[in-house]
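Please look at the sequence and the 3D structure below, and then follow the questions and answers that go with them.

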Amino acid sequence: MTNHPSTVLIAGATGSIGRYAAAEAIRQGYTVRALVRDKARAAKILPDGVELVVGDLTLPKTLAAVVQEVDAIVFTHGSTTSERDVRDNDYAGVANVLKALRGRRVRIALMTAIGTTRPGVAYATWKLRSERLVRASGNPYSIVRPGWFDYNQPDQRKIIMLQGDKRQAGSPADGVIARDQIARVLIDSLRIDAADHKTLELIADHGPEQDDLTAVFDSLTADPEGPLDAAEDNVNLSVTNEPETFRQDLATISAGNNKREP
């Protein structure tokens, strides 16, 4: 990345990760815009200095103005483990924002979940599809798959980044991480060049938290240009057999990327 962002839009800003991300972005000196549905409620949750903009990730017509004049977007939204909820909220929110950009380049940090590539888990597959859209968009990005929130011990603060999504127990045995650390990694990824085009599983180990995550990001394998899946993932999900909703979104978002000037 040759240009680092200055104005960040946080989707899911009033959620349990989003509110930490907003505070961390403010701390790091970003201009922060929060996408919210209820301004009065958000004002009680989010720190001073955050611009509150009303919109809804599930309503595309509300998003065009929201994404104007931002050069980074952090997705921290999430719903349930219901396939319908993840499809209509988690996945659709990413698709709608990417389409609202109309090919304009921004830096993206997307939070999904550890175990996203688990075969036969419908809600996880929709999270995987949202990752695929981000990769196809042509934007610089980091995709962060956190382990189980706040199951870590007080001395378990060393940030570990894994790849290949090999931990798929569906329990805290997959790895644990504090919510504020997830937010920190998402915001740090916006300014660390080594984080670009990286997909990772995020957990914590025993030991102190690192002051600088550049070396941790640098140790990861970058996702290749072109393929829709992460560098170390083992995924058997042919686009031709994917739902029509995804195939249409992929075509629209890919077309926006192809229209960009070199």
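Buried means under 20% relative accessible area, exposed over 50%, and partly exposed in between, using a 1.4 Å probe and protein chains only. Helices (H or I, at least four residues) and strands (E, at least two) are DSSP runs, numbered from the N terminus. This is a predicted model, in which local features need pLDDT of at least 70 and side-chain atom pairs count only at pLDDT 80 or more, while totals for chains, interfaces and linings use all residues. Residues are numbered from 1 along each chain as its sequence is written, and side-chain values use heavy atoms, with hydrogens and water left out.

Q: How many of the six residues of strand β2 (residues 31-36) are buried?
A: Strand β2 is largely enclosed by the rest of the structure. This follows from the count of its buried residues, which is five of the six.

Q: In which order do the eight strands form the open sheet?
A: Two strands pair if DSSP finds at least two bridges between them. In this sheet the pairing is mixed, and the edge strands β3 (51-54) and β8 (158-162) each pair on one side only. The order of the strands is β3-β2-β1-β4-β5-β6-β10-β8.

Q: Which residue in β2 is the bridge partner of I10?
A: Strands of a sheet pair through backbone hydrogen bonds, either parallel or antiparallel. Here β1 and β2 pair in the parallel sense over five bridges. Within β2, the partner of I10 is A34.

Q: Is T14 buried or exposed?
A: T14 has its place in the loop between β1 (7-11) and α1 (18-27). Its relative accessible area is 18%, and therefore T14 is buried.

Q: With the side chain of which residue does the side chain of T14 make a polar contact?
A: Contact means heavy atoms within 4.5 Å, and, not counting residues up to four places away in sequence, T14 touches R19, V36, R41, A42, I45 and L46. A polar contact is a pair of N or O atoms within 3.5 Å; within protein, one must be able to donate a hydrogen and the other to accept it, and residues adjacent in sequence count only if both atoms are side-chain atoms. At 3.2 Å, the side-chain partner of T14 is R41.
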